[in-house]
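Please look over the structure shown below before reading on. The notes that follow take up a few of its parts in turn.

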Amino acid sequence: PVSDNAIDVLNCLKKYITDNNVEVRFNSPVERIVIRAGNNNDKKIEKIILKNGKEIVADKFVFATGGKS
């Protein structure tokens, strides 16, 4: 961002999401996270299964639990 102002940070995130075809899901409770072993015994998320049964496969995941203030 150009500055540390919240609106500049928000606009930067919006641009990144749009430019990189990021899918954002709201109110999507996760039932299960499926992990697989990779090279050198490292672990990677293979997919997530939502409570509604939908399976989501991706190279990368970001989880935000939210909260109340």
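**A nonpolar patch and its surroundings**

On the surface, Tyr16, Ile17, Val22, Val24 and Phe26 form a nonpolar patch, and together they have about 510 Å² of accessible area. The model described here is a predicted one, and the points below begin with helix 1 (6-19), pass to the loop between that helix and strand 1 (30-37), and end with the pairing of strand 1 and strand 2 (residues 43-50).

**Helix 1 and the residue that follows**

- Helix 1 has 14 residues and reaches 20 Å from its first C-alpha to its last, which is close to the 20 Å expected at 1.5 Å a residue.
- The helix is followed by asparagine 21, whose phi is positive, near 50°, although this residue is not a glycine.

**The loop between helix 1 and strand 1**

- Asparagine 20 is placed in the loop between helix 1 and strand 1, and a polar atom of its side chain lies 2.9 Å from the backbone oxygen of tyrosine 16, a residue that also belongs to the nonpolar patch.
- Asparagine 20 counts as partly exposed because its relative accessibility is 41%, a value in between the limits of 20% for buried and 50% for exposed.
- Between the C-alpha atoms of asparagine 20 and glutamate 55 the distance in space is 21 Å, while the two residues are 35 residues apart in sequence.
- Asparagine 21 lies in the loop between helix 1 and strand 1 as well, and its relative accessible area of 72% is why asparagine 21 is described as exposed.
- Valine 24, one of the residues of the nonpolar patch, has its place in this loop too, and with a relative accessible area of 46% valine 24 is partly exposed.
- Asparagine 27, which is also placed in the loop between helix 1 and strand 1, has a positive phi of about 50° although it is not a glycine.
- Because its relative accessibility is 79%, asparagine 27 counts as exposed, the cut-off for that word being over 50%.

**Strand 1 and strand 2**

- Strand 1 and strand 2 run antiparallel and are joined by 7 bridges, and within this arrangement arginine 32 stands opposite isoleucine 49 in strand 2.
- The hairpin of strand 1 and strand 2 has 5 residues between the strands, and asparagine 40 in this hairpin takes a positive phi near 55°.

How values were computed
Residues are numbered from 1 along each chain as its sequence is written. This is a predicted model: local features need pLDDT of at least 70, side-chain atom pairs count only at pLDDT 80 or more; totals for chains, interfaces and linings use all residues. Side-chain values use heavy atoms; hydrogens and water are left out. Helices (H or I, at least four residues) and strands (E, at least two) are DSSP runs, numbered from the N terminus. Buried means under 20% relative accessible area, exposed over 50%, partly exposed in between (1.4 Å probe, protein chains only). A polar contact is a pair of N or O atoms within 3.5 Å; within protein, one must be able to donate a hydrogen and the other to accept it, and residues adjacent in sequence count only if both atoms are side-chain atoms. Patches are made of residues with over 30% relative accessible area and no salt bridge: like charges are joined within 9 Å, nonpolar side chains (Val, Leu, Ile, Met, Phe, Trp, Tyr) within 5 Å. Accessible areas come from the Shrake-Rupley method with a 1.4 Å probe; for residues, only the protein chains shown count as cover. A salt bridge is a side-chain nitrogen of Lys or Arg within 4 Å of a carboxyl oxygen of Asp or Glu. Two strands pair if DSSP finds at least two bridges between them. The expected span of a helix is 1.5 Å times one less than its number of residues.
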